[in-house]
Each structure stands twice: as C-alpha cells, then as structure tokens.
Amino acid sequence: MAVHARLVAVSGVDDLADLMTPEATAEIRRLYSLVSSYDVLSQHTLAWALYYRSLFPLASAATERELAVALFVRCLLAGVEASDIPDDLMDEVVNEAGRHSTPPLREASRTKDSSSVEDALRLWRRIAAACRETHPHRPVILNNLAVLLQLRGKLNDSAEDDREVVGLLEQAMEATPGDAKDQPLRLFNLGVSRRRMFDHTRDEEDLDEAIKYFQRSLEISPEDDPGRQETYAALSEAYRVGASRMRIDVLSTGEKLRTQLSEAVYAVCQLITVRDLEEKKRTIERLPQLRSRAALSVLDDFIENAAALGTDSPLPVPFLRAHRKVLAGLQESPTAEETSTAEPPEFVPPGPVPPQVVEAQSLLADGRVEEADVLLARTAERGRSDDDPHTEGHAELALHDLVFGSLHPAPGSVDRLAGHAAAAQEAFHRAGNRDGLTSALRRRLAIAVHFQDAPMVTDLMPRLIVLDPFGGVWWHAYLRAIDSDDLGYRRAQLEWCVDHAWRLGPDAAHYRAVCERKLAFLDGHVATEELTLPADLAALVEGVERNGPTGNDGERLAAALERVEAMRSHAQSVTVQRSLSAVYTRAYQALSLCTAKAVGPGAVEASVDVLERNSSRSLLLQMDGGASVNDAPSDSPHLDEQVSAYIREPTPHHLKLLTLTFDARRDQERRAQRGIMRRVAGPSRGPAPIRVEGLRALLGDDAVLFFGATGRAVLITSDDCAVVGEFEPDALDREAGVLHRRLSEGAPPAALGGLPVLDELTPQVRERVTEGSRLFVVPSGRLWLVPLGILGEPRLSDVYEVATVPSLSVLARLLRSGPAPEPSGGALMVGLADSDGSLRHARDEVDAAAAHYPRSRVWTGGDATVDTYRTAAPGANVIHLACHGFYLPDHPDFSGLRLAAARGGPGMLWYFDIGRTRLAASLVVLGACHAGTGGVLSGSEYTGIPGALLAAGARSVLAPLWAVDDRVTACLLESFHASYAATGCPASALREAQRACGGDAIDTVGSVHAFQLFGLS
C-alpha cells in the first residue's frame, strides 16, 4: 500500500518487522531529529513508522507513541485527511491539535485581524472535521469554531457565517450532557447567535427562538450563577426589540393605563419637589399630566402613606393635601374618566446633536470648560425661547455632563446636576426623543440615589425600565450596591457595574465614572491600586498581623484563599490577576505566617508555596499567552505626546496630565481584556504557580534565594528549603532605598557596608551552595532597586552566577524552556541605537557589540523605530537597544524605551506593548537609563521592562537600575558582549565587564554597577 511504500522509502527497510532492528531504530531517530525540515508527506510517513514501532512490546513504545501523536498533529493541521491517521490515535491527536491551536484562536480574538481569523479558522475546521461525535471535548471544539466564525461574521457582516454559527452551536448543544455545568452558558450563546441572525433576516422566528434559549438558560441555571444577570439583560433586550416592532395603538388598555399612571407619578414628584411658588406655577403649566385624575390618585396614595408613617414621613400630610387641593381645582370636569390624561407623545427618530453642542464638546476636549459652559447655557436658553425642545434637551444634558466631568464636587454642583437633568428630561419628553429621555432619566435616577430619595427612585425606575429594559439589570445591581451595608458586597456590585456599563450604550462612560468614583470613596479617596480586603477577611487578617496566628486562623484563611485560587485558575486576564493580588495580598501573607508557625519538616516550604501563589501571577499569565495589557489597542499617540511634553518640561502640570492619560489607558486595558476573555472558550485552565517541591527538581546544582514579604529569607536547593535569615520588611525597604540612592550617586559598593540581612545569610549560602553555581534571587519590596550581586565580601557575583527573577514560577518556566537552537549561520544580533541623535556613544556601543557575532543587523537614528523592533526582534538570538529610557517611580507599568516613530517624532516602546512581539532571544541588552528599574504593583505583582521581556520569550535580560553615563555604558557593554559571545554565560560576562571597566570616577562606578541581570544567568 502507499503508506507502506513511503515507510520503505524513508526507513530504508523492506518489511515492517525490520523497523525493530537497531539500524532502523537509529535511522528513525536520526530522521526524527531533522523532522522540522521535512515536507508534510515525509512527516506523515515518519509518524506511521513511529506508530507501528509503538505497537511492539518495546521499552520505548510509550515514547514513540507520543512522538507519533505529535507528528500526526502537525500533519492534521497542515491538511492531511483524518482518514490517513490511525483510528486509535485520533482522540489524542484531536486533543493535542486543539491545545496547539488555542493560541492562534486567542490571537485572532485579540487582534480581530482578518488574516489571523482565517488562519485560526482553517486550523479549527480541520480539528472539528477530525473530531468524532463521541469525543468528550467535541462541544468545546465546535464552540471554538463558532467563536471564529462569529468573529469573521462581524468583520464581513456575513449572514452565512452567522447561520453556520447557529448550526455549530446547536450541534455543540446536542453533544453536551444534560447535566453539564456549562449547559446554561451554551444555551445563552445559542440565544445570542439567533439574536444576531434576526439582525440579518428580520424574521420574527429567529427572535422568538433567541427568547426561548434565554428563557431555558434561566430555568436551568443556579440562582447564584453570575451569568444570570447577563442572560436577563439579553432577554430584556430581545423583549424590547420585539416590543419596538409593535405600534402604540395596539397596546392593551391596561398597558396604556400603566403608562399614564407612570406619567402622573413623574409629574406629581416634579411638583412637590419644587420649593419656589412661581416655579410651581410654571411646573403646573408645563406638565398637563397634573391636570389628570391619575395625578389625584397618586397624591391620594402619597397622603395615605404619609399618614401611616406619622412623624417619620419625609413629606407632611398637610403639605400633600394642599397640593391635592390645588390640582383638584384644575380638573376640567369632575366627572371625567379616571383614565383620561394627555396621550403620551409618539416617539420620533432622534435628530442629530445640535452643532452648538458639538462645538462645546470640542471646547471641553481642549480643556476650555468656561467657554463650553457659556455656549451650552446660551444654546439651552435659545432652545427654550424658540420652542426647540430637541436643542434644549441636548444642551441641558451636555451641561449636566460638563458639571459632572469638570466641576463636581464643587459646592452647589449637585444642585446644578439635578437642575440640568430635570430640564433635559422635560425637554426630551416634549420633543418625543426616546434616547434623550432615557439619558436624562438615567442621570436623574443617579441623583435620586445620591440623595437617598426613595420616592423619586420608586418613580423613576419603572419609567426608565419601560424605555430601556436592556439596562434594567444594570440599574438593579447599582441600586443593590448603594443600599447594601456590606462593604464587600457593595464593592462587588459596583465593580460589576463598572465592567458592564456598556449596557447603557452612549451613557456607558458617564456611569462607569459614577461607579468608579464611588469605589474611590470606599477606598477613602486614595488614588492607588491598593484595594481593601473583603469585610469577612479583614478582621481575621488584622488579628494575625497584630497578635500572630492563633487557633484555627490558618484553616480559615486557607479555606478563603481556596476560593480565590479557584477564581485565579480560570482568570485569563492580567487585570483580574492584578486585582486579586491587590485585594488578597495581606491574606496570603497572613496565611504564610500561619503556615510557617506549624510544626513539621515541610513548614518552611509550605509557607513559601503560599506566597508564591500570589507572586507575579499576571506575569506568569503573560508567559502562558493569556490576555494581558497588550490586549488593549497598541497605538498611543496621545500618550507619546504627553510624555514628550513632560520630558521637555517636567512640571507638576504636565505630570498631572500624564497621570490622567495613564489612568485612561489603564481603563482602556481593563475593558479590552474583559471583552476578549469572555469570547474565548477552552478546556484548559490558566497557569498554576509552581510549588517548591517542583522547582527543586529543576535546580540541579543551582539555588534560589527567596526574600519573602513576611520577613524571611529562604534558600532553596535541590535537596533542601531552609530559612537562612530574617528581617523586618519596612526596615529592609528603608535600607535598600538608601543603598540604591548611594550606589546611583557613584559610591563604591565596598564603602557602603551592604545590607545586614545579606551579611547574615551569605555564610549559610556559601556553606550549602557549590561555588560557581547559578544563584537566582527573588527580591521583595525595594530590594528590586539594588544589584545584590555586587554586595558582600567577597561579592556574591564573584562566587556565583547571580541573576534576579520575578518569581519561582517564572524561573521554572525559564528553566524548562531550554535554549533556542542556534541558526546554521550562527547567532543573529539585532541592534537599535540613538533614535534621536542625542546619545553620542550609543551608535558605537551597538556597532562594537555587533562585531562579536557571526551575523548582525543594526539600525540607528530615524531608522531605529518601534516598527523596526517589532519586525526584527522575533528572529534575533541577541537584541541590544541603546536609547533613552522612561520611568516614573509611581507608575512602573508605564515604563518605556524611546525609539523613533515611523512617521517622525518620538516613538515609545511601552512596557504594555513589549509582549506584542514574541521573542526567541537568549539575551536582551538594554543600554537605557532606568530600563531595569521596576516596582511592585497590586501588592505582589512585579512590573518592569525586564519582566515584560522575559514574558515575551527572552531568557536573560541585562539592564541598568538607574541613570547611566553614555560613554561608560558603551565601554561596559562592549566588554560584556566580547565575553558573552565567547562563553554564552551572561552572568560571568557581566562580572568580567565590571572588572574590566571599573574605576575610581564617580560616574564610572555608578554606571558600571547599575546593571542587573534578570532571568537565567
């Protein structure tokens, strides 16, 4: 047969049994080592050879089966038919193919690039075609294929793709067991797909089917399922779309009565909240609903309730009766039907925003608040005088937003907010502008909640939900948050509201700001990422911090953090991981203290494991390809401009503008990540942190010095995990800060006395770790600012190959990764230098480095662009950037490297952009001030350019921890590259370069000792 013939050709034998001979074994192994250079046909043939060998009772049969599966995966994804793959391997091949194709799926979902979507779609079509109907992951595979088709459908507005999505999801639904936990989610996705089909077909059947799926999802989902809110919102929106297709004149009498009563409640509340008598007269003239019998019924209810409340009533009974008497005298006929009232206006399509309002918004964008205020007030007045409620409503709404966005909470601003919102509501009501009325009602409702005006809330909520049922779930969550006395619950609801403000359409940004302002209030108006522990944990953690562990504190903390770990295991967003770290850092530290106090040989190891579970989890996620900060749009021209302005003139004003831009960018990142991760399904969990036991198996002769945030220095070797020093974290931070300042000023390390804790633990390290071994340091706090290798007597770097790593889990990933194979032509060095012509020695620095490698490519000046880096860096073995660095201590997540922009002007390679460019480099060298300076955000998340490069794929990074001299840096790094090119060891190369370039001059000493090695040494 054909397969047999190919086996004979490749293996050089003429019988399958001969595949077992030593000669055939050696030949097949040699062929496998070169498999990446073969065409698909040859790989397919070799896969069959390995498969047949795995059928024989050999010791290597299991290994050869795994190799065969790996090759069949390549073949399947390259287009080989499923019928040409052994049946008994098919399920394994499909599983592995799905795992290999998940990163392209995530990339396509992130970028929404049509070519990426098509590439991923091609892979998942082949996987779905090969997947048996009985495969346990068939629903997930079909769902992922549907995700890609849905993406393409949105890009191309394709009804055919949406129709195929419905079919795939229905197949996935059939393949899902009836008791599966994700059954409600699959029903919800089906509903969403049928709802999209309705947009194309306008067929009522599609809308009805969508409603049925949403209803079925709600029927079978648990009451505490957080997805129920999403389903309720989708169901409400589907109902709203159905209702919008009905004419008002076919509404039932009961529905009309409810509308009229709602109008009357609104009108009466307007009247009784006005204090000025003349204004009351104008209100009565303006609102015809006050002359209806329904208004009298509303006041009768108010009077009855006020009488029942007695002195607790916010409105006195005589006050309400006086209003009723006035309104009763206005009735046109005492025998008029109780339901008679002015017909509600027919809603008309909203017109364009008036040009004066657009102009005012442009002024606001430029910061010209007063001019915008005057223009809007003039526009609103002209709208009233010209009987143009459309213009009046837009101007009043814009005035409300102006006050909220630029003047609130100045004295009197709340009254202004209420006045503008009420005026906008009344104007849009007269204009019949449904969208405008909805926006005004939202703002009035927020103000009523602020004042805790329960009657007004009771009136406004049903009116708003009639107009906007899709946003009803959001408002329900918002009101529950405001009413709750449980701060943890309130925070959770407000965060949900921030995340789901998009439900409110064009008002999303406004109400996201409302909720974030309330969250800031819960935090005590502190502008920081630090979040408060939930209430149920706060007292427990504070007790452990204050009095030490007692009783079952450890068990209670462990149970609480198990829930957190469950959330972490499914969180594929850097934002979520950072948020969890920010909230629970103190709880992890308290649990580590409890664990360390336990009696037993594994107590130290267990306490380190607890801290590692909360250490740089966002960085670990980025290494694993999860949604990260680089999910947000990469273009940041406004941010680049703000940085340029600050560099030219570093005033408090420019710093404030820059900080605001940072905040806006962070918000953009959060929204982008959440949106992406909701769309990508997969059977795998997020990356789990390594345990000390697992790391020890990787160390060999190497060791790790772990500085825990709880005040213990732990030495981890392949056969032990022991405390080698203790310190007071705050005191060590102060000592490290002083040492950093003195070293950056040029003081010789030997003259500074080092760090007491390092002096205490060094003898124990020397005793337990063989000289010449690699020593990896995991710092904490401000130790990140100190190059620990140059301290001690003798210096640590003179005894060991020292490097710093963000966490034990990051180190484990690096140790497991293995070096990238060197190209046949030798290592390729890529260099970019002196993008703006201000660094005299930078070009020589990169040229000298390039001379030590077999192949090199160097770009300088205007050619050293961010785009050049993104194009050239992925194929390089060594990367060297000689440029300016940018770093602000309070914002390490906005560190950057100043390269050139493709269209002229400054260009920044930002920390959050680095992960966009995947690397295979063994070494990245940064000759840029502060490029190695990082910090800890969110309690325990290391944030700095070296970490971003390691997450992008680099194995080692060399960078300075403070500002360095251009000339000295060029000398040091030329010597470093000469040594590294000869030895391949970055730690020894740095040691030799520091020795060669050392001197007595202050600028020389400071610059030579600034460089720190990150990653592998």
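Me: What pLDDT does the chain average?
Reply: This is a predicted model, where local features need pLDDT of at least 70, side-chain atom pairs count only at pLDDT 80 or more, and totals for chains, interfaces and linings use all residues. The chain averages a pLDDT (the predictor's confidence in each residue, from 0 to 100) of 78, and 77% of the residues score at least 70.

Me: Which residues have pLDDT under 50?
Reply: Residues 1-6 are one such stretch, with 7 contacts beyond four places in sequence; contact means heavy atoms within 4.5 Å. Residues 406-412 are also below 50, with 9 contacts beyond near neighbours in sequence.

Me: OK, new topic. How many helices and strands are there?
Reply: The chain has 43 helices and 16 strands. These are DSSP runs, numbered from the N terminus: helices are H or I with at least four residues, strands E with at least two. Residues are numbered from 1 along each chain as its sequence is written.

Me: Why should helix α6 span 24 Å?
Reply: Helix α6 covers residues 114-130, so 17 residues at 1.5 Å a residue should give 24 Å. The rule is 1.5 Å times one less than the number of residues. Its end C-alpha atoms are 24 Å apart, which agrees.

Me: And which residues of α6 are buried?
Reply: Among them are V117, L121, W124 and A128. Buried means under 20% relative accessible area, with a 1.4 Å probe and protein chains only.

Me: What covers them?
Reply: The cover includes α4 (61-78), α5 (90-111) and α7 (138-156).

Me: What share of the whole chain is buried?
Reply: Buried residues make up 54% of the 1017 residues.

Key. Side-chain values use heavy atoms; hydrogens and water are left out. Buried means under 20% relative accessible area, exposed over 50%, partly exposed in between (1.4 Å probe, protein chains only).
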